[in-house]
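Please view the model first.

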Amino acid sequence: MNAGEAAIPLLIVLLIGYALIKKVNIYKAFAEGAKDALPQLVSVLPYLAAMLTALEVFRGSGALSALVRMLAPVGRLCGVREELIPLIVLRPFSGSASLALLRDTLTEYGADGYIGRAASVLVGSTETVFYTVALYFGSVGVTKTRQAIPAALISGAVGVAVGLLLIK
Amino acid sequence: MDEQRAERCSAFLNIGRTARIDSRMMAWIFGIMTAAGIILFAVKGDGAGALAALVKGCEGAVSLTLTLAGAYLFWSGLMRIADEAGLVKKLARLMRRPLGLLMPDAPEAAAPVTLNLAANFFGLGNAATPFGLEAMRKLDRGDGRASDSMAMFIALNSSAVELLPTSVIAVRTACGSAEPYSIAVPTFLASIAAAAAAVISCRALGRVIK
């Protein structure tokens, strides 16, 4: 049993104990929190369907492997395994598509090998940069985004690099 | 009251506009991927394969949603308990001073920014977005140009510092991982490094890109 596995149930016990002392109706709170997750699940399904359809046909036809072949030499220069390149390419654009691709990667290469763990860390430690930028800057009508996008992309690249170093 | 309502209305309109900008970008990605795939299938003379792949994508979406549902309900429930116990607010108070270092020109945005980062930290994506929009409104000077604080906020939001990468753990569990949580610590450390890089590059580039 590793540290993370032991720590998480312990944190949950501490949280529940603290909430009880604070006289929170934890049963009701839990149910209400879970209820909040339902519309999110329903609204994400159609977008998942659209993205996965595009992804499936893009990959099934061999177009994805052609793109990856084109980018593989760049990855090799930076010491990134070829199997991880599709995830790195897709991650800034779509959270749901990256999750779907993560599932495929784990199914194909196993969840607990190097590829599986590296892929998990890549997806977990980075964000959908372009979506975030479009949503937040768009909400106040900012068009001169200055250093925000380069800084966000540099941050993502550093996250990927550190994640890969830690997994090795 | 009316002013408030007007403000809320304009916020909604703006959200609508963003959705359009965002969906236009996604429309191109969706269109290029689908068209390239179908054309490649056609070149190979495999029309049936193209149709099968298109439907298989939607089937995958249904099963992925069901896979994610259990873990998502559980963690959302737990995070609501943390919220009602006052832990989320406590964290916001704790973070007000360090945030001042990152965004010196916008003390009034400290609360929504902190709540946004806190909600992200606890994996409450649903709660994080409204706080983020509120923070952007507080930071906005109406000149259509990103301030250093805005850029910092966006950069921080682009590095996913999260206590537990719950969706990744859910996918790992579904794929039969023997130790789905083993990636939690390296993921956390990598995201901290990404956040540090966001802060440093935002500061440095802000002097160059005016």
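## Helix 6 and helix 8 of chain B

Helix 6 (residues 148–158) of chain B packs against helix 8 of chain B at an angle of about 155°, with the axes 9 Å apart. Helices here are DSSP runs (H or I, at least four residues), numbered from the N terminus. Axes are lines fitted to C-alpha atoms over the stretch in contact, and angles run from 0 to 180 degrees between N-to-C directions. Helix 6 of chain B and helix 8 of chain B are therefore roughly antiparallel; that term means over 145 degrees. Their crossing is right-handed, meaning that the near helix is turned clockwise from the far one by less than a right angle.

B:Asp148, B:Ala151, B:Met152, B:Ala155, B:Leu156 and B:Ser158 of helix 6 of chain B meet B:Ala195, B:Ala198, B:Val199, B:Cys202 and B:Gly206 of helix 8 of chain B. By class, this contact has 8 nonpolar, 2 polar and 1 charged residues. Ala, Val, Leu, Ile, Met, Phe, Trp, Tyr, Cys and Pro count as nonpolar, Asp, Glu, Lys and Arg as charged, and the others, Gly among them, as polar.

## Basis of the model

The model is predicted: local features need pLDDT of at least 70, side-chain atom pairs count only at pLDDT 80 or more, and totals for chains, interfaces and linings use all residues. Residues are numbered from 1 along each chain as its sequence is written, while chains are lettered from A and ligands numbered from 1 in the order in which they are written.

## Across the interface

87 residues of chain A are in contact with 89 residues of chain B. Contact means C-beta atoms, placed from the backbone, within 7 Å. Helix 2 of chain A gives the largest share of chain A's side, 24 residues. By class, that side has 52 nonpolar, 24 polar and 11 charged residues.

Helix 8 (residues 184–208) of chain B also meets helix 6 of chain A: their axes come within 9 Å and cross at roughly 45°. A:Val121, A:Gly124 and A:Ser125 face a set including B:Pro186 and B:Ala194.

## B:Phe41

B:Phe41 lies in helix 1 (residues 2–43) of chain B. B:Phe41 is buried (20 or more other C-beta atoms within 10 Å), with 23. Beyond four places in sequence, its contacts include A:Ser61 and B:Asp46.

Notes:
Two residues are in contact if their C-beta atoms, placed from the backbone, lie within 7 Å. Helices (H or I, at least four residues) and strands (E, at least two) are DSSP runs, numbered from the N terminus. A residue is buried if 20 or more other C-beta atoms lie within 10 Å of its own, exposed if 12 or fewer, and partly exposed in between; C-beta atoms are placed from the backbone. Angles under 35 degrees count as roughly parallel, over 145 as roughly antiparallel, 65 to 115 as roughly perpendicular and the rest as oblique.
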